[in-house]
Amino acid sequence: MKIANISNILGLALTGALLFGCKADGDNQGLEYAPQMYHSVAYEPLTQITEESEGAWLSTREDGKGEFYNSNIYNPHNMNMREPVANTVPRNQQGYLPYRLKAFELEKAGETVMNPVALNDEVLKEGKVLYEQYCNACHGSKGEGDGLAGQVIGGVANLTGGAYVDLPEGHIYHVITKGKGRMGAHGSQITPENRWKIVHYVKQEIQGGQGAQGTVAAAEVTEVETPAN
Ligand code: HEC
């Protein structure tokens, strides 16, 4: 009987605490049961806590400020991260600029986008593995458009025949990135560098080096880069 009473009281207290915690409105998030989970002690790049006493009740800091105070006095924009300089353009680790061509600009891609990855045996070996992972199912191991999925889908390009053999590398890169007709875009699945390795493999091995262009130093490549999709 006694145990039942105690658990009743505990239950009531818990319900009370839960209801109290629900009293959230506007900027008040209600009672926080585990504040460390909501507030990062580390600097948040896009926000900063300017209230010096924020989290003071559990603070272990030696400077006497609240646990969550994390303002960066050197940035006037209420963020810890600095804003990039106007007109700054992001580059990825390989130095590539963003790929800005739209899906319909296939022809332009063929004319202007050059392969920045130097051609060598290692690249061809990696290109083969990537081709087998991403293209085999439709285009088949020899590129003849007879992969198992390709046979079901139908209308898969035979990369070894006709005008396909002369496709510029930028064209193939663009098709992989943005897709074309019945072929879906692979830009979100394959990194730009790996797409270029596949292009090398298609040109050199599937198409026997026909219509292949020279590669350019990565630093010169201004058109190529991470697709925005
Ligand atoms: C789901 C099946 C599928 C996969 C996977 C696939 N393709 Fe395709 N691909 C197609 C089809 C279908 C076409 C014909 C597109 C059209 O013109 O309608 C095509 C066309 C092409 C073309 C010719 C483009 C043109 O201008 O006509 C190239 C080049 C190509 N694919 C390369 C690749 C490469 C490289 C990969 C691997 C990264 C790949 N494809 C993966 C189905 C696929």
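Me: Where does Ile 49 lie?
Reply: Happy to start there, with two notes on reading the model: residues are numbered from 1 along each chain as its sequence is written. This is a predicted model, in which local features need pLDDT of at least 70, side-chain atom pairs count only at pLDDT 80 or more, and totals for chains, interfaces and linings use all residues. Helices are DSSP runs of H or I with at least four residues, strands are DSSP runs of E with at least two, and both are numbered from the N terminus. Ile 49 lies in the loop between helix H2 (35-38) and helix H3 (106-112).

Me: Is Ile 49 buried or exposed?
Reply: The test counts other C-beta atoms, placed from the backbone, within 10 Å of the residue's own: 20 or more is buried, 12 or fewer is exposed, and in between is partly exposed. Ile 49 has 20 other C-beta atoms within 10 Å, so Ile 49 is buried.

Me: How far apart in space are Ile 49 and Phe 68, C-alpha to C-alpha?
Reply: Two residues are in contact if their C-beta atoms, placed from the backbone, lie within 7 Å. Leaving aside neighbours within four places in sequence, Ile 49 is in contact with Phe 68, as well as with Glu 54, Tyr 69, Asn 70 and Ser 71. Ile 49 and Phe 68 are 19 residues apart in sequence, and their C-alpha separation is 6.8 Å.

Me: How does Glu 52 count, buried, exposed or partly exposed?
Reply: Glu 52 also sits in the loop between H2 and H3. Beyond its neighbours within four places in sequence, Glu 52 is in contact with Lys 65, Gly 66 and Tyr 69. Its 13 C-beta neighbours inside 10 Å are why Glu 52 counts as partly exposed.

Me: How many helices does the protein chain have?
Reply: Along the sequence, the pattern reads α-α-α-α-α-α-α-α. The protein chain has 0 strands, and its helices number 8.

Me: At roughly what angle do the axes of H4 and H8 cross?
Reply: Axes are lines fitted to C-alpha atoms, for helices over the stretch in contact, and angles run from 0 to 180 degrees between N-to-C directions. Under 35 degrees counts as roughly parallel, over 145 as roughly antiparallel, 65 to 115 as roughly perpendicular, and the rest as oblique. H4 and H8 are therefore roughly perpendicular to each other. The axes of H4 (residues 121-134) and H8 (residues 192-206) come within 8 Å, and they cross at roughly 100°.

Me: How many nonpolar residues does the contact of H4 with H8 have?
Reply: Here Ala, Val, Leu, Ile, Met, Phe, Trp, Tyr, Cys and Pro count as nonpolar, Asp, Glu, Lys and Arg as charged, and the others, Gly among them, as polar. Residues that meet include Val 123, Leu 124 and Tyr 134 in H4, and Ile 198, Tyr 201 and Val 202 in H8. This contact of H4 with H8 has 4 polar and 4 charged residues, and its nonpolar count is 8.

Me: What is the C-alpha separation of Ile 198 and Cys 135?
Reply: Ile 198 is found in helix H8, and it is buried, with 25 other C-beta atoms within 10 Å. Not counting residues up to four places away in sequence, Ile 198 touches Gly 127, Leu 130, Tyr 131, Tyr 134, Cys 135 and Ile 176. Ile 198 and Cys 135 are 63 residues apart along the chain, and their C-alpha atoms are separated by 9.1 Å.

Me: How many residues of H7 are buried?
Reply: What covers the buried residues of H7 includes H3 and H8. Of the 10 residues in H7, the number buried is 10.
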